[in-house]
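Me: Please examine the structure shown below, and let us then discuss its helices, loops and selected residues in turn.

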Amino acid sequence: MPQPDIDPATTALLTVECQNGVVGEESALPELAKEARDSGMLGRVAALVDAAHAAGVQVLHAVAERRPDGLAANANARLFRAAGKLPVRQLTGTRAVQVAAPIEVAGNDLVVRRLHGLSPISGTEVDALLRNLGIRTLVVAGVSSNIAIPNTVFDAVNLGYRVVVPSDAIAGVPAAYTAEVIRNSLALVATVTTAEAVLAQWAPAP
């Protein structure tokens, strides 16, 4: 795999939906949460976040949530309608929308919350924040490779960012689908690498 160019001064790390209600032990989506844990993905995302903090890389955490009354939330797809019926709901202000352990949120991390849609970028303040920070490259990690990750990557590329995807720091269900999405879609528009390769570039100089 190619070595990505991820200069800390112009790179940000975006974690996608790594929240308790999605990948935590009390997930609304237990199959996805199990895959995130058992594959090691969640641990690798935590390691990337720790390395980003140490290297001075800006970290953003994208969280999906809903108001308790559902006001202004999407209802135009089966996914949204099903989410409203799950026993664990991603309600604003609850534990479900807190970033999941073992990921550490530092004081200068930005937590960006959205009430609608499928992407952490489209219709949110992420693009404006990245531009204000002088970011040109976005490292994307988290869930799911089924929907949110492809949306994130495509939106970022359409906005002119270089995108880096550590292939072992994203997950979806079934597990085999992640490799297909990477091979047939994400690899066409993003630099696909590994968490280890990113960590090596952000490691302190010897």
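The questions and answers that follow concern a predicted model.

Me: What span does helix α3 reach from its first C-alpha to its last?
Reply: Helix α3 covers residues 41-55 and has 15 residues. At 1.5 Å a residue, a span of 21 Å is expected. The helix comes close to that expectation, reaching 21 Å.

Me: Are α3 and α8 roughly parallel or roughly antiparallel to each other?
Reply: Two packed helices are described by the angle between their axes and the distance between the axes. For α3 and helix α8 (residues 195-202), the axes are 9 Å apart and the angle is about 15°. Angles under 35 degrees count as roughly parallel. Therefore α3 and α8 are roughly parallel.

Me: How many charged residues are in the contact of α3 with α8?
Reply: From α3, the contact is made by Arg44, Ala47, Leu48, Ala51, Ala52 and Ala55, and from α8 by Ala195, Val198, Leu199 and Trp202. Among the residues buried in α3 are Leu48, Ala51 and Ala52. The contact residues divide into 9 nonpolar and no polar, and the number of charged ones is 1.

Me: Is the crossing of α6 and α7 left-handed or right-handed?
Reply: Helix α6 (residues 148-158) packs with helix α7 (residues 175-189) at an angle of about 20°, their axes lying 9 Å apart. That angle makes α6 roughly parallel to α7. The crossing of the two helices is left-handed.

Me: Which residues of α7 make the contact with α6?
Reply: On the α6 side, the contact is made by Ile149, Pro150, Val153, Phe154 and Val157. The residues of this contact divide into 8 nonpolar, 1 polar and no charged. On the α7 side, the residues are Val181, Ser185, Leu186 and Val189.

Me: Which elements are included in what covers the buried residues of α6?
Reply: The buried residues of α6 are Ala148, Ile149, Pro150, Thr152, Val153, Asp155 and Ala156. Their cover includes the helix α7. It also includes β1 (11-16), β4 (137-143), β5 (162-166) and β6 (170-171).

Me: Which residues is arginine 114 in contact with, leaving aside its neighbours within four places in sequence?
Reply: Arginine 114 is in strand β3 (residues 110-114). With a relative accessible area of 7%, arginine 114 is buried. Its contacts, leaving aside neighbours within four places in sequence, are Glu17, Val63, Ala64, Glu65, Ser119, Pro120 and Thr124.

Me: What is phi of glutamate 17 near?
Reply: Glutamate 17 has its place in the loop between β1 and α1 (20-23), and at 13% relative accessibility it counts as buried. Most residues other than glycine have a negative phi. Glutamate 17 is a residue other than glycine with a positive phi, near 55°.

Me: Which residue does a cis peptide bond join to valine 173?
Reply: Most peptide bonds are trans. The bond from valine 173 is cis, with omega near -5°.

Conventions
Residues numbered from 1 in each chain as written. Predicted model: local features only at pLDDT ≥ 70, side-chain atom pairs only at ≥ 80, totals over all residues. Heavy atoms only, no water. Helix = DSSP H or I, 4+ residues; strand = E, 2+ residues; numbered from the N terminus. Expected span 1.5 Å × (residues − 1). Buried < 20%, exposed > 50% of the residue type's maximum accessible area, 1.4 Å probe, protein only. Axes fitted to C-alpha atoms, helices over the stretch in contact; angles between N-to-C directions. Parallel < 35°, antiparallel > 145°, perpendicular 65-115°, else oblique. Left-handed = near helix turned anticlockwise from the far one by under 90°. Contact = heavy atoms within 4.5 Å. Nonpolar A, V, L, I, M, F, W, Y, C, P; charged D, E, K, R; others polar.
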